[in-house]
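I opened this notebook to record what I looked up, going from the whole chain down to single residues.

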Amino acid sequence: MRPKRKYYSIIDKVYRRNNLNNAWNAVKANEGSAGVDGETIMWFETQLDQNLGEIERLLKHNRYRPEPVLRHYIPKGDGKKKRPLGIPTVRDRIIQQAVRQMMEPLFDRDFYPHSYGFRKGHSQHQALDVVRRAKKSGYEYVVDLDIKSYFDNIPHDLLMEKIKDKIADGRVLDLIEMWLKAGVMEDDRFYDTHQGSPQGGVISPLLANIYLDEFDWSMKKAGFPVVRFADDAVIFCKSKRQADRAYKQAKEILEQRLQLTVHPIKTRVVHFDEGFRFLGFDFWKDYMVLPSDRVQKFKDRIRQLSRRQQGKSLFEMIKKLNEVIRGFANYFRIGNVKKKFERLDEWIRMRARAYMRKKRSMESNWRIPNKILAQAGLVSMVGLLTNRF
């Protein structure tokens, strides 16, 4: 790692108008809902210059105070539990983004190289490729690591210490601490936040990476290579004995030094032949398998979009289908998925034909060939595999 350097004057760069303009553009591109004040991105934009000018003045004169975040819940991947999000106001999102734009380059250059979450130039596919290459390199065991409710349990005092290792600008440190302690509004009730960094906050991914960077480097120093995407991590080992040691080391770092909790059931030592899940794929032996629950969730979405009783033309329906198909196929195409994609293509065409029969009741399934669906614009999942790397 490089020698640590401290940065003493950042706030003036944060509230420069060009930085605020860039922050606004990033927030607008990400869209998102209104916060506790009810102000939408569209409404903020109606008086954009005035609003950005007000942000600049508030920051310049140290008068800015954030609003609490609005608690919102979204389904987790299993579809059963829900994940809490904290939605800041549009103004707070812009200021968080402005700070992030100044801070991120200072920290990112020293981050562990195989930390892939929420970093420019890093992706889930790169993290998945590391796992695949590790298997080919002789790593037979992994510690499949799960940190219990990571974002909700980051200790504020320890996080601020890590930020202070690089940032010595008191105004910027005050901003971060205010965001951490801004509180949550849920069902019209206010709740204090004594720990954690809310998922949904613009700056939260950076803070999360800053906090876990010590874990990454400590494991590497102990001889245990790690690949991590946010709080989802895998530790590679060549023997069961080594994997047991890695588990013990990871637990010690996370629980004693970082005051987090390793999930006692979800964290496990596992052989590649037994299989484990990472970033949506099931790794099993030498294969990257598309999980059945992900397929089911995808099919549920396709069913919803292709239901016959809706007021959309065939071309409008196919346009919506294609958005979902491309997103799903482009992510999972790097796995061993050709046969599953072929079956999904057949099933999707069947749904499209049923939609067409609603319009053309005299035509049967077999009288609507694939080329007709292709001419209507329906993409093929197998066709998207031709772009695999």
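I began with contacts (heavy atoms within 4.5 Å): among those in the protein chain between residues at least 6 apart in sequence, 73% join residues at least 24 apart. I noted that this is a predicted model, in which local features need pLDDT of at least 70 and side-chain atom pairs count only at pLDDT 80 or more, while totals for chains, interfaces and linings use all residues. I also noted that residues are numbered from 1 along each chain as its sequence is written, and that side-chain values use heavy atoms, with hydrogens and water left out.

Next I looked up the make-up of the protein chain, which has 15 helices and 11 strands, taken as DSSP runs (helices H or I, at least four residues; strands E, at least two) numbered from the N terminus. Of its 389 residues, 47% are buried, where buried means under 20% relative accessible area, exposed over 50%, and partly exposed in between (1.4 Å probe, protein chains only).

Then I turned to Y15, which sits in the loop between helix 1 (11–14) and helix 2 (17–30).
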